Amino acid sequence: MKKIVYIILMFFVTIAVTAQKESSNVRAGNKLYKASKFTEAEIEYRKGLLLNPKSFEANFNLGNSLFKQKKYPEALEQYNNTTALQNYDKSRIAAAYHNIGNALLSDKKIEEAIEAYKKGLKNNPSDNETRYNLAYAQTLLKNQKNKDKKKDDKKDKDKE
């Protein structure tokens, strides 16, 4: 009986130590991120993810550091990981979708960005920044469609 209790106790101690190491990597990454050292921050967040792949903070912050490095597809992957990890904290889900929208918009995927912003607003209807980004993306899409229509009209006119 003592052996079983000892094994269970050691199991929980191991989990606690791993969580602390992951947290220290995330904290180190946060310091580097604040100092605009995005590549170095990325390394620390990745170290944290090696210890705990299901860490919302490490995935989310890694996405942020990748975004700052203009690695939009990689940032998008990290943000998508965060939405899979969160199913109860709507503010975290909303923040992830907001950033998904930003990554998509930066990668010129306007329609997909609009959908991401809408999902963000479903989870946090009072987020004015996401509301603004949604309106901006919708304006970009409208302008793009108008330009495409003018090009088509010009082609048709040239054919006549």
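Reply: Helices α3 and α4 are roughly antiparallel to each other, a term for angles over 145 degrees, where under 35 is roughly parallel, 65 to 115 roughly perpendicular and the rest oblique. The model is a predicted one, in which local features need pLDDT of at least 70 and side-chain atom pairs count only at pLDDT 80 or more, while totals for chains, interfaces and linings use all residues. Residues are numbered from 1 along each chain as its sequence is written, and side-chain values use heavy atoms, with hydrogens and water left out.

Two packed helices are described by the angle between their axes and the distance between those axes. Here α3 covers residues 56–68 and α4 covers residues 72–85; their axes come within 8 Å and cross at roughly 160 degrees. The axes are lines fitted to C-alpha atoms, for helices over the stretch in contact, and angles run from 0 to 180 degrees between N-to-C directions. Helices themselves are DSSP runs (H or I, at least four residues), numbered from the N terminus, and strands are E runs of at least two.

The crossing of α3 and α4 is left-handed, that is, the near helix is turned anticlockwise from the far one by less than a right angle; clockwise would be right-handed. On the α3 side, the contact (heavy atoms within 4.5 Å) is made by F56, N59, F60, L62, G63, N64, L66 and F67, and on the α4 side by Y72, E74, A75, Q78, Y79, N81, T82 and L85. By class, this contact has nine nonpolar, six polar and one charged residues. Nonpolar covers Ala, Val, Leu, Ile, Met, Phe, Trp, Tyr, Cys and Pro; charged covers Asp, Glu, Lys and Arg; the others, Gly among them, are polar.

N64 of α3 deserves a separate look. N64 is buried, with a relative accessible area of 15%; buried means under 20%, exposed over 50%, and partly exposed in between (1.4 Å probe, protein chains only). N64 lies 14 residues from Q78 in sequence and 8.7 Å from Q78 in space, C-alpha to C-alpha. Leaving aside neighbours within four places in sequence, N64 is in contact with Y33, Y79 and N99.

N99 belongs to helix α5 (residues 90–106). N99 is also buried, at 12% relative accessible area, and touches F60, N64 and Y79, not counting residues up to four places away in sequence.

As for the setting of this pair, the protein chain has seven helices and zero strands, and of its 160 residues, 35% count as buried.
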